[in-house]
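My notes follow as numbered points, to be read beside the structure.

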Amino acid sequence: MRARRWCARCGFALVAIAFVVLLAFAGRRGLWLVLLTAGAAVVVVAALYWFLLQRGPLRWLALALAVGAPVAVIAVFVADRLLWVAVVAAALLATGVAAARLALRPDRSRWTMEVTDAPAPRHPFFVMNPRSGGGKVGRFRLRELAEELGAEVALLDQPGTDVQELARRALARGADLIGVAGGDGTQALVAQVAAEHDVPFLVISAGTRNHFALDLGLDRSDPSRCLDALRDGVEARIDLGDINGRTFVNNASFGAYAEIVENPAYRDDKRGTTLDALPDLLARRRGAHLVAEVGESRMDAPQALLVSNNPYAASDLAGTGRRFRLDRGVLGVIAVRVDSTRQAVGLLNGAHREGLQLAEAPEVVVTADVAEVPIGIDGETVRLTTPVRCTIRPGALRVRLPRNRPGVPPPRARLDWAALWGLAVGRPVALDGSSGVDRGPVGPDAAAPSRSREN
């Protein structure tokens, strides 16, 4: 706590020094330059919104404005010989904010999955996709390494293979662990079978993005390290998402993303297809009118809706960051609705009530004005009949993890200046990394005495 207190004091001191430098060397122009910088940030956000909303010359004019605004600010600083003042003040401010976040950082132990020791499996079975991740299965010799450890391996070398049927047949032959080296969509399909039979599931980070492996704390740079779980492994119970009877390990995306990815042209021209579709999607000339019922809340007509297996960090605007726990027993919901330039700018200062809504709930029901909607489920687009019901299955999946793995860091602390001041002056402040309040361990088994906490 003493180190936190000094970090809090350093944070306040550095922020104060940044303003002193600005006032001492820029004088009256300092306030004007701060306002100019803030105005430029607003212009950039507004211009980028118009870039996405328009087509033709207006689109490229908006892009030129987004690029030109910060260049113009820098030119003003240079003309007034104040560029070095701005750089020094910005560096001091950034360092002060970093010190403040360090002071408010949550206790790592409260954001670490609980695990138990696990015996080595006798008959492990793996499904491996040799094309996934640009050929990681072959590059890291995953098949050979798994077979050396006594595993049976089935390669997905034929299109249209039913991976769930492969897993069920392996279980019928006596497999006591099943795993996947492939993308998150394949991981989800096999995880559903593992959960149905209550057998351990092992993730090998051989996909392209490996979001599921990332949030399990696995090594994404060397997928062969995931196989260490066969010799020296631990086991954790994590949640699974369910959407109309289909399992998802990461998230289900409604709205703009699913509409874009569903287009057959997306595979060959991702950027062009996205830019061509966004004006109609943002202006609601295309796409279904979605309504999400989240507990007692109602999210009406979002352009994008993300329902995730456990919440993403609140600081991740588009939900593309990290989930720091997969065992909290709730779905995370992120809804984006931007109907005007003002709302787009509002996202810049965290105006969640207008452009961005965040929620947590054990169930989410999505309805629409059409019979079917496209949904991106763990990166794969499918069409489902409405209403679409998303639920969480707490502790449904036993995951086998290597004892030694990178782990998941705690969430980044949200800047809470009141809590920071309390730390600086010596008042007791409890922290959890989100709101400055320590709520204790989270998850359905938080108090279980038989479990240990590991990275």
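1. Two strands are taken to pair if DSSP finds at least two bridges between them. In this predicted model, strand E15 (residues 372-377) and strand E16 (residues 380-385) run antiparallel and are joined by six bridges. One of the residues involved is valine 373, whose bridge partner in E16 is leucine 384.

2. Asparagine 210 lies in the loop between strand E5 (201-204) and helix H9 (211-215). Because its relative accessibility is 5%, asparagine 210 counts as buried, the cut-off for that label being under 20%.

3. The side chain of asparagine 210 makes polar contacts with backbone atoms: a polar atom of this side chain lies 2.8 Å from the backbone nitrogen of glycine 207, and the side chain also reaches the backbone nitrogen of alanine 206 at 3.4 Å. When residues up to four places away in sequence are not counted, asparagine 210 touches Lys136, Asp184, Ser205 and Arg220.

4. Helix H7 (residues 163-172) and helix H8 (residues 184-197) have axes that come within 9 Å and cross at roughly 35 degrees, and the crossing of H7 past H8 is right-handed. On the H7 side the contact includes Val163, Ala167 and Leu171, while the H8 residues include Leu189, Val190 and Val193. Sorted by class, the contact of H7 with H8 has six nonpolar, four polar and two charged residues.

How values were computed: Residues numbered from 1 in each chain as written. Predicted model: local features only at pLDDT ≥ 70, side-chain atom pairs only at ≥ 80, totals over all residues. Heavy atoms only, no water. Helix = DSSP H or I, 4+ residues; strand = E, 2+ residues; numbered from the N terminus. Buried < 20%, exposed > 50% of the residue type's maximum accessible area, 1.4 Å probe, protein only. Polar contact = N/O pair within 3.5 Å; in protein donor to acceptor, adjacent residues only side chain to side chain. Contact = heavy atoms within 4.5 Å. Axes fitted to C-alpha atoms, helices over the stretch in contact; angles between N-to-C directions. Left-handed = near helix turned anticlockwise from the far one by under 90°. Nonpolar A, V, L, I, M, F, W, Y, C, P; charged D, E, K, R; others polar.
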